[in-house]
Amino acid sequence: MAPRSLLRTCPLCEAVCGLSITLDDNDRVLSVRGDRDDPFSKGFICPKGAGFGKLDDDPDLVTTPLIRDGADFRPASWDEAFDLIAERFAAVRAAHGTGATGIYLGNPNAHTIAGALYAPALVRALSTRHVYSASTADQMPKQVAAGLMFGDPMTVPVPDLDRTDYLLMLGANPLESNGSLCTAPNFPGRLKALRARGGRLVVVDPRATRTAELADEHLFIRPGTDAYLLFAVVHTLFAENLLDVRVEVDGLDELRAAAADFTPEIATERTGIPAETIRRIARELAAAPTAAVYARIGTCTTEFGTLTQWLVDAVNVLTGNLDSPGGAMFATPAALGITRTKPFRPGRWTSRVRELPETMGELPVATLADELETPGEGQIRALVTVAGNPVLSAPSGARLDVGLAGLDFMVSVDRYVNETTRHANVILPPPRSIQSPHYDFALLHFAVRNYARYSRPLVPLDGRPSESAVLARLAAAVSGQPHHSDEAVAMIDELVIAGMLHKAGMSDRRDELEGADTTEQRVDLMLKLGPYGAWNGGDLGLRTLLDNPHGIDLGPLQPRLPVVLRTASGRVDLAPQPLLADVSRLREGLAASAPPMVLIGRRQLRSNNSWMHNIEALVGGSNHCTLHIHPDDADRLGIGEAAEITSAAGSLTVQVELTAAIMPGVVSLPHGWGHAASITQSVARAHAGVNANALTDNSIVDAITGTAVFNGVPVTVGPA
């Protein structure tokens, strides 16, 4: 049989690029290139996508269930693994109650059909409030701000990149990250096109990143002070009567009053950006034919992350650029998701130990270590992790490492025995990516152009359960239900399908759903009920996507207000009370002394958190773990090839990389390294690096969401 080329969507980051994959006779990946006929990505591919085959065929992958046997693991059958899980979870519930179980969902769950459709069933099966995920480590401030302003935390505006004339970008580096909460394949090309058509790109960042190098203007800013900058922009818009509010709003006067104290001169003291530059930026945003403000992880993971995200969209509203072509707009995802009927309300309950707030059914991962360590009713005694490595990706990683070791029982769904899963009693491996279907339910909520694409599995499972079946059987096992059959998937699907059809008043149309299995039938139903769907006045369904394997362009973003608003008033809330209440904390910060040295994170093009360090091609070049420090700081502190960096949480010794691209008083470590304890990841262990989260103090959080502060961590740095 000759090599054959097949199509699928890349599942390795938020860019959702189309791939053309060539397989050999043994179903191994020979080559990967960008799909030039994909209407969204148009052939773009990054090093992660090019390395898809190596990741999919990594010899260090776990391929059969593993059960702990003393200090080691032994292979087991699927039935034996699920039987042990059922037995041990039942014992924990009997001894400590359902509140003693918990779950952590890692970043890859947002990139799989299984994570989107079956992880929620697993959460419900556990029946616990101990739900944690990677979203509470990086994006929850944005979603809470959106929820409070627009009534739905999934209603997140994204910059209309392909039509905007002016883009102000804070704390984002899409030339390395490929975009975040902004799904835009070939983000670099889109930014170059913005400038080529005469637009202007301004980047605000403590580092002169690759994105900053592409910009018309780069402004250094002290980490964690973005809220002061944006409040000064808001102040200027009010003071100079530059307002152009084009949507229905509440709270305009309250926002004006809140911004009164935050003059550009005051902001200069905190940010380091000259007052006249701040005024100029405000005037440019107001004068541009179209403009958008976009801020991401560097601003979310700060002490005032939620205030910053609020002010981002407040500026978009005040300059007339919310829900307007070329401004900040809302995508129209093709698949119908959960439709919120009541306004979003965070903090419906709080965590047991520190009383940190719930958001969207999750507690902040910043308090996971507390809940593992602190005895008493509700202490986590049994934990499930799905595609997550919180020892490296969550704050206070060293404490989590100890806490996981003390659990009564732990089960992990993961490809590797890594720094987290080495503590598990059972490891359940998902199949290879090319053995799984793909549809981006979550990421297309944040796309800069409306688009849909479905990929069927490229090769058969060969007798192993699908990732959906692994999660469905796990849900059955932890809840004491029959778990010996992959029919658990169909049972979940039929319940969901029946509920959606009943809600839509279409219960008699069950037999019209298409698909090779119930998972595909769920996809078909969500597409048919969606805004372009065959049951909603359009023509889209699963068959349409199967007939168009390169994907379908559904057009540019369109104005969607007030249809998407879920606020009680039906208007945009410019001054939500929880945010106004936190302004006093920001104001108090004006009197605080800035730490002499702070730590920030760093994104790298070849990796996505900690998953991708076990492939030689992805740990080369600039993708290594070093401490970026300005040469002047290194000279002043007497630092040579290595440095010791210390925070309130811990201390590390790390190799130094001198660079004038980082502002003095700031040092930077990349996220997701520290693989010395990995068991099966031989390449990652050989390029171990250090765990930056040994320095993250989980006691310092954004007050509104409980998100840990990863950027702006006070540290001392000296020679090793």
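## Exercises on backbone, burial and helix packing

Pro-562 sits in the loop that runs between strand E19 (552-555) and strand E20 (572-573), where strands (E, at least two residues) and helices (H or I, at least four) are DSSP runs numbered from the N terminus. The model is predicted, with local features needing pLDDT of at least 70 and side-chain atom pairs counting only at pLDDT 80 or more, while totals for chains, interfaces and linings use all residues. Residues are numbered from 1 along each chain as its sequence is written, and side-chain values use heavy atoms, with hydrogens and water left out.

**Exercise 1.** State which peptide bond, cis or trans, joins Leu-561 and Pro-562.

*Solution.* Begin with omega, which is about 0° for the bond between Leu-561 and Pro-562, and this bond is cis. For background, most peptide bonds are trans, and most residues other than glycine have a negative phi.

**Exercise 2.** Locate Ser-127 and Asp-323, each of which is not a glycine, and decide whether each is buried, partly exposed or exposed.

*Solution.* First take the backbone: phi is positive at Ser-127, about 50°, and positive at Asp-323, about 65°. Next, place the residues: Ser-127 lies in the loop between H5 and strand E7 (131-133), whereas Asp-323 is in the loop between H16 and strand E14 (328-329). Finally, apply the cut-offs, by which buried means under 20% relative accessible area, exposed over 50% and partly exposed in between (1.4 Å probe, protein chains only). Ser-127 has a relative accessible area of 48%, so it is partly exposed, and Asp-323, at 9% relative accessibility, therefore counts as buried.

**Exercise 3.** Describe how helix H7 (residues 140-150) packs against helix H16 (residues 305-318).

*Solution.* The axes are lines fitted to C-alpha atoms over the stretch in contact, and angles run from 0 to 180 degrees between N-to-C directions. On that basis H7 and H16 pack at an angle of about 50°, with their axes 8 Å apart. That makes H7 oblique to H16, since angles under 35 degrees count as roughly parallel, over 145 as roughly antiparallel, 65 to 115 as roughly perpendicular and the rest as oblique. The residues that meet, with contact meaning heavy atoms within 4.5 Å, include Val-144 and Met-149 in H7 and Trp-310 and Val-312 in H16.

**Exercise 4.** Compare the reach of helix H21 (residues 487-504) with its expected span, and find what covers its buried residues.

*Solution.* The expected span is 1.5 Å times one less than the number of residues. H21 has 18 residues and reaches 26 Å from its first C-alpha to its last, close to the 26 Å expected. Its buried residues are Ala-488, Val-489, Ile-492, Asp-493, Ile-497, Met-500 and Leu-501, and what covers them includes helix H5 (119-126), helix H20 (467-478) and helix H22 (518-529). Within H22 lies Thr-519, which counts as buried at 8% relative accessibility and which touches, among others, Val-489 and Asp-493. After H21 comes Gly-505, whose phi is positive, near 70°.

Conventions: Lists of a residue's contacts leave out its neighbours within four places in sequence.
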